[in-house]
Amino acid sequence: MKLPYAEPYRIKMVEPIGQSTPEEREQWIKEADYNLFNLSSSKVFIDLLTDSGTGAMSDKQWAALMRGDESYAGARSFEELKQTVYNITGYQYLLPTHQGRAAENVLFSAMVKEGDVIPGNSHFDTTKGHIEFRKAHAIDCTIDEAFDTELEHPFKGNIDLVKLEEVYKKYTKEKIPFCLVTITCNSSGGQPVSIENVKAVKELSDRYGIPLIFDSARFAENAYFIKKREKGQEHRSIKEICKEIFSYGIGMTMSSKKDGLVNIGGFIALNNEEIFRTASNFTIIYEGFITYGGMAGRDMAALAVGLDEATEFDYLESRITQIEYLGNLLIEWGIPIQRPIGGHAIFIDALKFLPNVPREEFPAQTLGIELYKEAGVRGVEIGTILADRDPETRENRYPKMELLRLAIPRRTYTNNHMYYVAVALKNIFERRNEITKGYNITWESPILRHFTVKLEAAK
Ligand code: F0G
């Protein structure tokens with residue numbers, strides 16, 4: 001018999017998680033105004049709200065933490081991190097920040113001005129927020145295949161070259177500071193971008209004199225998919241693939257809370273000295289001195305080890321195999337999910353799962369609330385609430401897809417937890433026709449409303 005897959009690690013420390021009854025959860029979610037962000041984590045059994053900063057560090061990372069150098073300027077931990085980032089990306093300038101969106105804030109302060117346009121593949125919400133906050137525009141050029149959840153395409157994060165060239169033709173070079181390539185593409189389902197596509201985007205952008213920047217939160221997972229799915233890449237190491245991808249850009253923003261395998265942190269890495277100089281000033285104003293940028297020395301030390309571990313094949317295989325395990329159970333039971341299975345999460349197609357809930361009553365949010373009530377599992381809506389209102393017309397923006405994301409923290413839950421989640425969804429799926437009502441907004445903030453929105457059950 002062929003031996004089954006098993007994780008290449010064992011568990012040294014455990015953390016109890018709280019169970020609850022359906023009646024308790026019904027009450028708690030009501031008190032939280034039906035916003036899953038408002039729930040205390042003690043009221044959640046399996047927390048799949050995000051894979052960001054929720055993973056488990058390794059023994060080597062904890063050991064590195066003890067050796068962190070807390071010097072204000074020129075800490076050894078900074079030098080170590082800089083060297084690791086250089087080894088993986090080839091970028092020589094490093095600016096640490098306290099997390100990914102802070103890297104966006106610093107870099108965009110240096111590069112984006114009012115009226116600019118930033119084409120890319122489904123910009124992440126904070127990224128879009130930082131662009132729109134500067135009265136600039138994010139233009140989504142993701143390939144159309146990404147928006148059909150059932151269609152199998154190995155690289156649904158890819159940028160459509162025709163759409164991109166239209167943007168390049170419509171606006172002058174002065175209005176397009178860079179093209180932003182998000183690897184993997186979170187908003188369209190944790191879907192990867194191929195090397196071939198990045199190369200083609202680079203060639204096209206070169207012709208118009210526009211540089212590429214990578215939003216690299218899950219760059220290692222992206223490299224894993226390239227190795228597994230792209231012809232001619234199967235014999236290369238993850239680190240070789242990463243190096244090549246980054247060679248097509250002038251720099252990156254990073255949320256270290258994902259593929260950095262740490263609980264907090266971010267950075268900007270660049271090859272362009274001029275942008276580095278300008279961004280350094282903003283780092284000092286917003287984050288801290290340029291050799292720590294909001295991070296403790298010990299956190300930089302753990303991050304250096306984390307980046308190295310995250311770009312090892314065995315680690316990535318165990319991570320993606322777990323996500324595929326959950327995804328394949330759901331597929332087997334007929335539950336509509338974004339395919340192929342993505343890198344960090346399962347995305348459930350709520351329009352297909354709950355066809356009787358009107359679009360204006362937020363089907364993906366409704367499914368998230370149902371899943372919490374059913375089993376104490378917390379996911380997150382990637383749909384109309386997240387898409388927010390158009391900054392000019394203030395109308396709701398209805399995205400092409402209405403998804404419930406179940407993001408899997410790294411090295412944190414077992415496959416039994418995944419099975420539990422799958423069964424909970426199956427139970428809801430079996431009674432989906434009875435769910436006909438969703439939720440209405442009673443209060444929302446003018447920007448990034450999903451974090452604080454208040455809802456009530458639709459009558
Ligand atoms: N870019 C991408 C692609 C992201 O997914 C995130 C965060 C960020 C940037 C911002 O990084 O959180 O460190 O400030 N995504 C988290 C998520 C929040 O749940 O997907 P951050």
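This is a predicted model: local features need pLDDT of at least 70, side-chain atom pairs count only at pLDDT 80 or more; totals for chains, interfaces and linings use all residues.
Seventeen residues form its surroundings, and the closest of them are Thr50, Arg101, Asp215, Ser255 and Lys258. By class, this shell is made up of two nonpolar, eight polar and seven charged residues, and its largest share, three residues, is contributed by helix 4, which spans residues 100-111. Of the 470 Å² that the ligand exposes when taken alone, 94% is buried by the protein.

Two serine residues in loops take part in polar contacts between side chains. Serine 40 is located in the loop between helix 1 (22-31) and strand 1 (46-47), where its side chain contacts that of serine 42 at 2.7 Å. The C-alpha atom of serine 40 is separated by 9.1 Å from that of tryptophan 28, a residue 12 positions away along the chain. Because its relative accessibility is 33%, serine 40 counts as partly exposed. Serine 122, in the loop between strand 3 (117-120) and helix 5 (125-133), has a relative accessibility of 8% and therefore counts as buried; its side chain is joined to the side chain of threonine 142 by a polar contact of 2.9 Å.

Backbone geometry was then considered. Most peptide bonds are trans, and most residues other than glycine have a negative phi. The peptide bond from isoleucine 183 to threonine 184, however, is cis, with omega near -20°, and threonine 184 belongs to the loop between strand 5 (179-182) and helix 7 (195-207). Another cis peptide bond, with omega of about -5°, joins arginine 339 and proline 340, the latter residue being situated in the loop between helix 12 (313-332) and strand 9 (345-349).

Positive phi values are found in two residues that are not glycine, namely phenylalanine 362, with phi near 55°, and aspartate 388, with phi of about 65°. Phenylalanine 362 lies in the loop between helix 13 (350-353) and helix 14 (363-375), and it counts as buried because its relative accessibility is 3%. Aspartate 388 is placed in the loop between helix 15 (384-387) and strand 12 (403-407) and, at a relative accessibility of 8%, likewise counts as buried.

Note on methods
Residues are numbered from 1 along each chain as its sequence is written. Side-chain values use heavy atoms; hydrogens and water are left out. A residue is near a molecule or strand if one of its heavy atoms lies within 4 Å of it. Accessible areas come from the Shrake-Rupley method with a 1.4 Å probe; for residues, only the protein chains shown count as cover. Helices (H or I, at least four residues) and strands (E, at least two) are DSSP runs, numbered from the N terminus. Ala, Val, Leu, Ile, Met, Phe, Trp, Tyr, Cys and Pro count as nonpolar, Asp, Glu, Lys and Arg as charged, and the others, Gly among them, as polar. Buried means under 20% relative accessible area, exposed over 50%, partly exposed in between (1.4 Å probe, protein chains only). A polar contact is a pair of N or O atoms within 3.5 Å; within protein, one must be able to donate a hydrogen and the other to accept it, and residues adjacent in sequence count only if both atoms are side-chain atoms.
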